[in-house]
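Here is a friendly briefing to read alongside the structure. Please have a look at the model before going on to the notes.

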Amino acid sequence: MSIAKNLIQIKESLPTAVTLVAVSKTKPIADLMQAYQAGQRVFGENKIQEMTEKYEQMPKDIQWHMIGHVQTNKVKFMAPYVSLVHGVDSLKLLEEINKQALKNNRVIDCLLQVHIAEEETKFGLNEEELDELLNSATFMNLKNIKITGLMGMATFTDNPMQIRKEFQHLKSIFDKHQKPATHNPQLTTLSMGMSGDYQIAIECGSNMVRIGSSIFGHR
Ligand SMILES: *Cc1c(COP(=O)(O)O)cnc(C)c1O
């Protein structure tokens, strides 16, 4: 199947409230252009340098999402154009994004990554760290970032019950933060679900899915 056909088929299967991030990491510009020509405007990359090269070569009406782990010393390269940073899991990183956003006279939208998987290798905050961050004075003074939601990854397993349980857990954390104290940000985006588990994620309340291999083929 072609990239355009894969994309259109997935898009048609998604509820209208769910945003599709086409994860194009490692794929050449020609592949991204096929998705672009089929109407896709939101692309996800996991390396800042690669994303920046693609940003420079691709049409300018694309929204670029950084979905990978972010190194603080590279934030400056994406600050002029990035549309959403999914994987924020420390105050230090938020402060750097804020600093670079300010330099570019922008407010950069970010999602806080929450650790829901059983594996230890995956990044993210636990619930306590999440609350701590959102209630810290440092965070409240950052004017050039906006936390617009949460992101999470389920355990890499073929047990759908476990995946469902982890996504439900993240949804419950998301819901808990829907009643914000006056200073708390309004969380509207729940980014969860990849090629192998996005249907479960949507059933559990995801409104943003990050899909790579089902669109572009295996990496
Ligand atoms: C690569 C990646 C995806 C997409 O994975 P697929 O299984 O190819 O759909 C989604 N989210 C993150 C954070 C990724 O790194």
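In helix H3 (residues 48-57), the buried residues are Ile-48, Glu-50, Met-51, Thr-52 and Lys-54; buried means under 20% relative accessible area, exposed over 50% and partly exposed in between, with a 1.4 Å probe and protein chains only. Helices (H or I, at least four residues) and strands (E, at least two) are DSSP runs numbered from the N terminus. This is a predicted model, in which local features need pLDDT of at least 70 and side-chain atom pairs count only at pLDDT 80 or more, while totals for chains, interfaces and linings use all residues. Residues are numbered from 1 along each chain as its sequence is written, and side-chain values use heavy atoms, leaving out hydrogens and water.

**Packing of H3**
- The buried residues of H3 pack against helix H2 (29-37), strand S2 (42-45), strand S3 (63-66) and helix H4 (75-78), where contact means heavy atoms within 4.5 Å.

**Two residues to look up**
- Thr-148 sits in strand S6 (residues 145-151) and is buried, at 9% relative accessible area.
- Beyond its neighbours within four places in sequence, Thr-148 has contacts that include Leu-84, Asp-109 and Gln-186.
- Asp-131, in helix H6 (residues 127-134), is partly exposed at 25% relative accessibility.
- Leaving aside neighbours within four places in sequence, Asp-131 touches Lys-176 and His-177.

**Around the ligand**
- Residues around the ligand (a heavy atom within 4 Å) include Val-23, Met-151, Ser-195 and Arg-219.
- An N or O atom in the side chain of Ser-195 is 2.5 Å from an oxygen atom of the ligand.
- A polar side-chain atom of Arg-210 is 2.8 Å from a ligand nitrogen atom.

Key. A polar contact is a pair of N or O atoms within 3.5 Å; within protein, one must be able to donate a hydrogen and the other to accept it, and residues adjacent in sequence count only if both atoms are side-chain atoms.
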